[in-house]
Amino acid sequence: MRPIYTYLDYRKYIKDYYTYHKENVHGFSYRVFSRMAGLKTTSFIKHVIDGDRNLTARTIGACAKAMKLNKPGSVFFETLVLFNQSKSDEERDLYFDRLIRLKPKIDITGLKKDQLEYYSKPYYVVIREMVALPDFKEDPAWIVNQLGVM
């Protein structure tokens, strides 16, 4: 299972956590997961994964504890939930910035010079991915238009 820090969707993380444990832990179920989190409703986790319910301040902590996240992981998870459940762009931007700061720093000393250059500007990655679009045009104006920059 991937580390929590690689996710931008808490529902996907919970789903992956559940799927991993369902496949690897005998008897693991939504009921067991709910019990581990101290939740009374046995289907609550499924409703959260399906997007029918949101986590609350109480259930964020309960889920983090049930998934045995350490303190930094719990803080990241809480921020991830707040990011995903934001009601405004300003709120979403605030939590996204926190997520970036909470992510552990990776050691990039093993990267080659051209790899460092590639990752030095975020738009390099975005434009490289855009090239795979079926309607991609090698036109700077088209690229800017697609990105909504101006």
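Helices (H or I, at least four residues) and strands (E, at least two) are DSSP runs, numbered from the N terminus. This is a predicted model, in which local features need pLDDT of at least 70, side-chain atom pairs count only at pLDDT 80 or more, and totals for chains, interfaces and linings use all residues. Residues are numbered from 1 along each chain as its sequence is written, and side-chain values use heavy atoms, with hydrogens and water left out.

View 1. Helix α5 covers residues 71-84, 14 residues in total. From first C-alpha to last, α5 reaches 20 Å, close to the 20 Å expected at 1.5 Å a residue; the expected span is 1.5 Å times one less than the number of residues. Asn-70 caps the N-terminal end. One of its side-chain oxygens lies 2.7 Å from the backbone nitrogen of Gly-73. Gly-73 is among the buried residues of α5, together with Phe-76, Phe-77, Thr-79, Leu-80, Val-81 and Phe-83. Buried means under 20% relative accessible area, exposed over 50%, and partly exposed in between (1.4 Å probe, protein chains only). The buried residues of α5 pack against α1 (10-24), α4 (57-66) and α6 (89-102).

**View 2. Thr-79 within α5.** Thr-79 is found in helix α5. Its relative accessible area is 7%, so Thr-79 is buried. The side chain of Thr-79 reaches the backbone oxygen of Val-75 at 2.9 Å. Leaving out residues up to four places away in sequence, Thr-79 touches Tyr-95, Arg-98, Leu-99 and Leu-102. Contact here means heavy atoms within 4.5 Å.

**View 3. Phe-77 and the largest nonpolar core.** This core has 31 residues. A nonpolar core is a set of buried Ala, Val, Leu, Ile, Met, Phe, Trp, Tyr and Cys residues joined through side-chain atoms within 4.5 Å. Ile-14, Phe-33, Leu-55, Met-67 and Phe-77 have the most contacts inside the core. Elements giving two or more residues to this core are α1, α3 (44-49), α4, α5 and α6. Beyond four places in sequence, Phe-77 touches residues including Ile-4, Tyr-10, Ile-14, Leu-55, Cys-63 and Met-67.

**View 4. Asp-16 and Tyr-7.** Asp-16 sits in helix α1. At 18% relative accessibility, Asp-16 counts as buried. Its side chain makes a polar contact with the side chain of Tyr-7 at 2.5 Å. A polar contact is a pair of N or O atoms within 3.5 Å; within protein, one must be able to donate a hydrogen and the other to accept it, and residues adjacent in sequence count only if both atoms are side-chain atoms. Asp-16 also touches Met-1, again not counting residues up to four places away in sequence.

**View 5. Two exposed loop lysines.** Lys-68 lies in the loop between α4 and α5. Lys-68 is exposed, with a relative accessible area of 67%. It has a positive phi of about 55 degrees although it is not a glycine. Most residues other than glycine have a negative phi. Lys-112 occupies the loop between α6 and α7 (113-120). Its relative accessible area is 57%, so Lys-112 is exposed. The C-alpha atoms of Lys-112 and Ile-127, 15 residues apart along the chain, are separated by 21 Å.
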